[in-house]
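My notes follow in the order in which I looked things up.

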Amino acid sequence: MSKQVVAKRHTPRSLALLDAPVVSLTAYTAPMAKLMDPHCDLLLVGDSLGMVVYGMDSTLAVTTEIMIAHGQAVVRGSQKACVAIDLPFGSYQKSPQQAFETAAEVMARTGAGCVKLEGGIEMAETIQFLTQRGIPVIGHIGLKPQAVHAHGGFRMLGRGTEAEQIMADAKAVADAGAFAVVIESTLEPVARAITEALPIITIGIGASPACGGQVLVGEDMLGLFTDFTPRFVKRFGNLAAEVDRAVADYAAAVRSRQFPGPEQCVGLVKKD
């Protein structure tokens, strides 16, 4: 009897050894993860699901339980990609010990390969605490959605002294042991300089093509989330229009009693 060959899942180490940019998208459900998995190296269960899936105004109300539930779904739906899960706001900032407890629970209950947390210099001690205890970490610098109010809204960063701060944050994250760092909404020259300076993977979102990888919110890239489109997003699909067309066709078929037809019914005697 022949054995089914299952693709080996990427790990933080194998991502670092790739000879091409890391391809990453956010995923929140098993069906979407299954579709993305053959093409992605890294699937991020981002706390952006608060806005994309739940209609929240920001990511701040997302809970650890929500992240675990969606993390479990994405791990089940994927085979090849490394799965990273965001630690939600308030679940890790209090202390390194709190961060470890949250990260350990997230990884144990989901089977994810790593966690992601926001912050630079101020989170270096926490990142080191986690990595020394066997939890792979992706950092997140530049625009940090969990600190959106402190940033003054969703905006591009990296002008003047901001550039120096972001660079210092990047080095602190790398020195603390993170294997990768997301750089979000940061001026291109700054993100490029960070990529050239760091020995770890940089993953850009509204940053620079020089980064070691790129990530987008899956629903943005697919044209499913239409409330707003960040400047740095390129839509590779327009699925919202396709969904609208399909639902309209379904509604028309139901109202006209064309659906269900004989072929969708069980036990219906067909007329000659």
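At what angle do helix 6 and helix 8 pack, and how far apart are their axes? I find an angle of about 20° between helix 6 and helix 8 (residues 161-176), with the axes 8 Å apart. Axes here are lines fitted to C-alpha atoms, for helices over the stretch in contact, and angles run from 0 to 180 degrees between N-to-C directions. Helices (H or I, at least four residues) and strands (E, at least two) are DSSP runs, numbered from the N terminus.

Before going on I note the ground rules: this is a predicted model, in which local features need pLDDT of at least 70 and side-chain atom pairs count only at pLDDT 80 or more, while totals for chains, interfaces and linings use all residues. Residues are numbered from 1 along each chain as its sequence is written, and side-chain values use heavy atoms, with hydrogens and water left out.

**Entry: helix 6 on helix 8**

Helix 6 and helix 8 are therefore roughly parallel to each other, where angles under 35 degrees count as roughly parallel, over 145 as roughly antiparallel, 65 to 115 as roughly perpendicular and the rest as oblique. Helix 6 passes helix 8 in a right-handed crossing; a crossing is right-handed if the near helix is turned clockwise from the far one by less than a right angle, and left-handed if anticlockwise. I looked up the contact (heavy atoms within 4.5 Å), and it is made by A124, I127, Q128 and T131 of helix 6 with A172, V173 and A176 of helix 8.

**Entry: helix 8 on helix 9**

Helix 8 also packs with helix 9 (residues 188-197), at an angle of about 30° and with the axes 10 Å apart. Helix 8 and helix 9 are therefore roughly parallel to each other, and their crossing is right-handed. On the helix 8 side the contact is made by A163, I166, M167 and A170, and on the helix 9 side by V190, A193, I194 and A197.

**Entry: helix 5 on helix 6**

The axes of helix 5 (residues 96-110) and helix 6 (residues 124-131) come within 9 Å and cross at roughly 45°. Helix 5 and helix 6 are therefore oblique to each other, and their crossing is right-handed. Helix 5 brings P96, Q97, A99, F100 and A103 to the contact, and helix 6 brings E125, T126, F129 and L130. The contact of helix 5 with helix 6 has six nonpolar, two polar and one charged residues.

**Entry: the barrel**

How do the strands pair? Eight strands form a closed barrel in the order 1-2-3-4-5-6-7-8, with parallel pairing, where two strands pair if DSSP finds at least two bridges between them. The twist averages 25° from one strand to the next. Helix 8 packs on the sheet, touching strand 5 (137-142) and strand 6 (180-184), and the direction of helix 8 makes about 175° with that of strand 5. Strand 7 (residues 201-205) and strand 8 (residues 213-216) pair in the parallel sense over two bridges, and I203 stands opposite G213 in strand 8. Strand 1 (residues 22-26) runs parallel to strand 8 and is joined to strand 8 by four bridges; the bridge partner of V22 in strand 8 is G213.

**Entry: salt bridges and backbone**

I count six salt bridges in the structure, each a side-chain nitrogen of Lys or Arg within 4 Å of a carboxyl oxygen of Asp or Glu. In one of them K116 pairs with D86, the closest N and O atoms being 2.8 Å apart. K116 lies in strand 4 (residues 114-116) and D86 in strand 3 (residues 82-86), so the pair ties together parts that are 30 residues apart in sequence.

Most residues other than glycine have a negative phi, and most peptide bonds are trans. S185, in the loop between strand 6 and helix 9, has a phi near 45°, a positive value in a residue other than glycine. The peptide bond from F259 to P260 is cis, with omega near 0°, and P260 lies in the segment after helix 11 (239-255).

Conventions:
Nonpolar A, V, L, I, M, F, W, Y, C, P; charged D, E, K, R; others polar.
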